[in-house]
Amino acid sequence: MMLRVLQGMAGLLLLMQASMASAVLTIEIIGAGEHQIPVSIVPFGGDEKIAQTINAVVTGDLQRSGLFRLVDPTGKSPHVPAEVSYPDWEVRGAEALAIGTVVTQGGRVEARFRLLDVVKQTELIAQAVSASENQIRAIGHRIADLIYEKLTGDKGVFSTRIAYVNRQGKKFSLIVADSDGHNEQAVLTQNEPIMSPAWSPDGGQLAYVSFETGHAVVYVQSLYTNQRRVLADFRGSNSAPAWSPDGKQMALVLTRDGSSQIYLSRPDGSDIRRITFSGAIDTEPHFSPDGQYLLFTSDRGGSPQIYRMPVKGGPTERLTFGEGTNFSPRHSPDGKSFVFAHLLNGRFHIAMQDFQTGQISLLTEGGWEKKPSFAPNGKLILFASEARDRGILATVSSDGRVKQHMFTQSGDAREPVWGPYP
Amino acid sequence: MKKLIIGIVLVNLLAACASEPKKEPVAAAPAASTSAPAAKAEAPKVAPAAPVKTAADPLNDPTSILANRSVYYPFDVAVVQDEDKPVVQAHAKYLSEHANRKVRLEGNCDERGSNEYNLGLGQRRADGVNKMLELGGASADQLESVSYGEEKPRASGHDEASWSQNRRTDLNYAK
């Protein structure tokens, strides 16, 4: 199974290699999780350069999650269980220890890795992770995912990808990158705006809005072949594409019949039918994980707020009240809550609301924070922010405790969206 | 800012009113005089067709109310404000009298909203101008309304001075 996944990724990465740009430069981490698991990652044996890259990716991933405290392994370098002296690691306060070796053969790299429980002195994981030699970072992300999953009980998201728009002067690029911002690939570059990228549930396609023909048109582009098709190009604006969880339906926003209203279509653009009839601005539809409901933004009540309606029709419910206006709702992967951008007194915050209690929590202090989207495990939220007069990508843990800022090399990063599990 | 816009509109209105009665003779004269120093040798061939056309087209007159090609809005509002109505009405009249001219209405917003909400708001702004032009005599096939939302700001600051410039609909005539 894993091999298949890696092979799929290999094809994808190979295809995109041509347009490979250099990586994100800086990542700043603010705050820490309540309980951090002390873990030590020993640089693997074998090819030193490859081992170092893998080590940097694994430690970087675990650190950014905010859930781990990395214990310095300096002075000890076991690579197999027989070389491990558990008291050495207990003294350093490590509860878990990762060791391993890398083997290169015929253009492929295999990392044979083990995760050991220092306290119980047992082996938690013994697994080989392999990929072609130009995807060493992917090996690191996979190992980080295995460690994260074993020690926290939640699925890791380090092997996932993100999409965003980078604006540099008049140039707009639609970028796909690894979850840590590295390995950026430009999917589309042009001198007209691009917005609202949306991942297909299988991660193989991106829907987005492009202004290249002079008005907003929705396209769907394959990330494997780079071929694309027009999803909707009616008069006025065509925008806000969203995929149903089964990938068989899309929601989008058209102004062909007047103001912005929500429509459903097949992913090939056929069978378009209108599902909101408010005459107000209804936009930013997002399917619930079970595919039954749509969250959306509407100003039908006088100001932009978050609403929910059944996809098949039925009563629409307003979900946000109180001071301020609200935009860009997205369901959490477990369907129990939603995130959105909350504008209050001229500042945008990333906010989360529980469906059952209606309780709102602000996850950020506020600024120019827009367009939140959940990581597929629901533990992190990616959003657009601003720092040092530049648009940047940022994440916040769903409990609001850990934040990180990702600075792209140049230009303004905007419109980020987290992709599905590979 | 609003006062300033009103000021500009008023000045333009006055200018337009003042120049109205003597428009034809005034317009004809400079057309003839500009063609003279420019290219004397070729004057007989070129002059008759081109200058007459531009002279007759008030769209190219910088003192005309038609020189105003943007209407501005308060925050999260898409209705054309009273002070901008004469501008839109003048364009409607012009379009009704020049059936061959086409104009694109481009709605824009400030950044206080999501991109998608602002795309909808910009479209509503452009559509509002579109409707007013139609009511004023322009025909639907002369008009196209689009929105850029907050994607093409004229000014990039996070302040009202920038925002007030970005909340607008531009009337962009096809060349």
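**Domains, sheet and chain contact in a predicted model**

The C-alpha centres of domain 1 of chain A and domain 2 of chain A lie 35 Å apart. The model is a predicted one, in which local features need pLDDT of at least 70 and side-chain atom pairs count only at pLDDT 80 or more, whereas totals for chains, interfaces and linings use all residues. Residues are numbered from 1 along each chain as its sequence is written, while chains are lettered from A and ligands numbered from 1 in the order in which they are written.

Domain 1 of chain A covers residues 31–152 and domain 2 covers residues 161–418, with bounds that come from an automatic or database domain assignment. Ten residues of domain 1 of chain A are in contact with nine residues of domain 2 of chain A, a contact being two residues whose C-beta atoms, placed from the backbone, lie within 7 Å. On the side of domain 1 of chain A that touches domain 2 of chain A, α2 and α4 of chain A each supply at least two residues, and the largest share, three residues, comes from α2(A). Helices (H or I, at least four residues) and strands (E, at least two) are DSSP runs, numbered from the N terminus. By class, this side of domain 1 of chain A has one nonpolar, five polar and four charged residues; Ala, Val, Leu, Ile, Met, Phe, Trp, Tyr, Cys and Pro count as nonpolar, Asp, Glu, Lys and Arg as charged, and the others, Gly among them, as polar.

Chain A also holds an open sheet of five strands in the order β3-β2-β4-β5-β6, with mixed pairing, where two strands pair if DSSP finds at least two bridges between them. Strands β3 (68–70) and β6 (122–132) of chain A stand at the edges with a single partner strand each, so one side of each is left without a neighbour in the sheet. Neighbouring strands of this sheet are turned by 25 degrees against each other on average, direction ignored; axes are lines fitted to C-alpha atoms, for helices over the stretch in contact, and angles run from 0 to 180 degrees between N-to-C directions. Strand β2 (residues 37–41) of chain A runs parallel to β3(A) and is joined to it by three bridges, and Pro38(A) stands opposite Arg69(A) in β3(A).

Helix α2 (residues 48–65) of chain A packs on the sheet, where it touches β2, β3, β4 (96–105) and β5 (108–117) of chain A, and its direction makes about 140 degrees with that of β3(A). Helix α4 (residues 136–152) of chain A also packs on the sheet, touching β2, β4, β5 and β6 of chain A, with a direction about 155 degrees from that of β6(A). Among the buried residues of α2(A) are Ile54(A), Val57(A), Val58(A) and Leu62(A); a residue is buried if 20 or more other C-beta atoms lie within 10 Å of its own, exposed if 12 or fewer, and partly exposed in between, with C-beta atoms placed from the backbone. Just after α2(A), Gly66(A) takes a positive phi of about 80 degrees.

The contact between the chains takes 17 residues from chain B and 27 residues from chain A. On the side of chain B that touches chain A, α6 (115–135) and β3 (143–149) of chain B each supply at least two residues, and α6(B) gives the most, with eight residues. Chain B has seven helices and four strands, and 37% of its 175 residues count as buried.
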